[in-house]
Amino acid sequence: MSWFIAALKKYAVFKGRAQRKEYWLFMLFVYLIYGVLGGIGYATHSPAALAALFIALIGFMLPTWAVTVRRLHDSGLSGWMILITLVPTVGAIVLVVLCCTKSNEGANKYGPNPKEAPALA
């Protein structure tokens, strides 16, 4: 949960790096929230629950983009690689593979390795 909160605190930070753990735990919690809200909306056919899902989708859009860009930076890639998702089907698969790749050792042009950097509170 702390990784999710940490990513939300940097909701519009597109500079720096995010390690795999930060990215994947953030995505896990976001999709759990989507699943719960969508399940409630499907089960109850409640417009309020579906509206809450829509608000969550919009609300998590910018933090998701930011953590994805930082994850790409951690692999030494440009944040603009996020636009690969505009290619139907294949783009999303490529982005998942890129987000699974190992971090660059040491510092790169986007900053120090977050695994090696001292923990900030």
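Which residues does valine 30 touch, not counting residues up to four places away in sequence? Valine 30 touches Phe4 and Phe60. Contact here means heavy atoms within 4.5 Å.

This is a predicted model: local features need pLDDT of at least 70, side-chain atom pairs count only at pLDDT 80 or more, and totals for chains, interfaces and linings use all residues. Residues are numbered from 1 along each chain as its sequence is written, and side-chain values use heavy atoms, with hydrogens and water left out.

**Core**

The largest nonpolar core holds 18 residues. Phe26, Val30, Tyr34, Phe60 and Val67 have the most contacts inside it. Helices H1 (2–9), H2, H3, H4 and H5 each give two or more residues to this core. H2 supplies the largest share, five residues. Such a core is a set of buried Ala, Val, Leu, Ile, Met, Phe, Trp, Tyr and Cys residues joined through side-chain atoms within 4.5 Å. Helices are DSSP runs (H or I, at least four residues), numbered from the N terminus.

Threonine 64 sits in helix H4. Is threonine 64 buried or exposed? Threonine 64 counts as buried because its relative accessibility is 16%. Buried means under 20% relative accessible area, exposed over 50%, and partly exposed in between (1.4 Å probe, protein chains only). Threonine 64 touches Phe26 and Met27, leaving aside residues up to four places away in sequence. A polar atom of its side chain lies 2.6 Å from the backbone oxygen of phenylalanine 60.

**Surface patch**

Tyr11, Phe14, Phe54, Ile55, Leu57, Ile58, Met61, Leu62 and Trp65 make a nonpolar surface patch of about 870 Å². Helix H3 (47–59) and helix H4 (61–74) each give two or more residues to the patch. H3 gives the most, with four residues. Patch residues have over 30% relative accessible area and no salt bridge, and nonpolar side chains (Val, Leu, Ile, Met, Phe, Trp, Tyr) are joined within 5 Å. A salt bridge is a side-chain nitrogen of Lys or Arg within 4 Å of a carboxyl oxygen of Asp or Glu. Isoleucine 55 belongs to helix H3. Isoleucine 55 is exposed, because its relative accessible area is 58%.

**Positive phi in loops**

Histidine 45 and threonine 89 each have a positive phi although neither is a glycine. Both are exposed.

| Residue | Phi | Location | Relative accessible area |
|---|---|---|---|
| Histidine 45 | about 55° | loop between helix H2 (20–44) and H3 | 64% |
| Threonine 89 | about 60° | loop between H4 and helix H5 (90–100) | 62% |

Technical notes: Patches are made of residues with over 30% relative accessible area and no salt bridge: like charges are joined within 9 Å, nonpolar side chains (Val, Leu, Ile, Met, Phe, Trp, Tyr) within 5 Å. Accessible areas come from the Shrake-Rupley method with a 1.4 Å probe; for residues, only the protein chains shown count as cover. A polar contact is a pair of N or O atoms within 3.5 Å; within protein, one must be able to donate a hydrogen and the other to accept it, and residues adjacent in sequence count only if both atoms are side-chain atoms.
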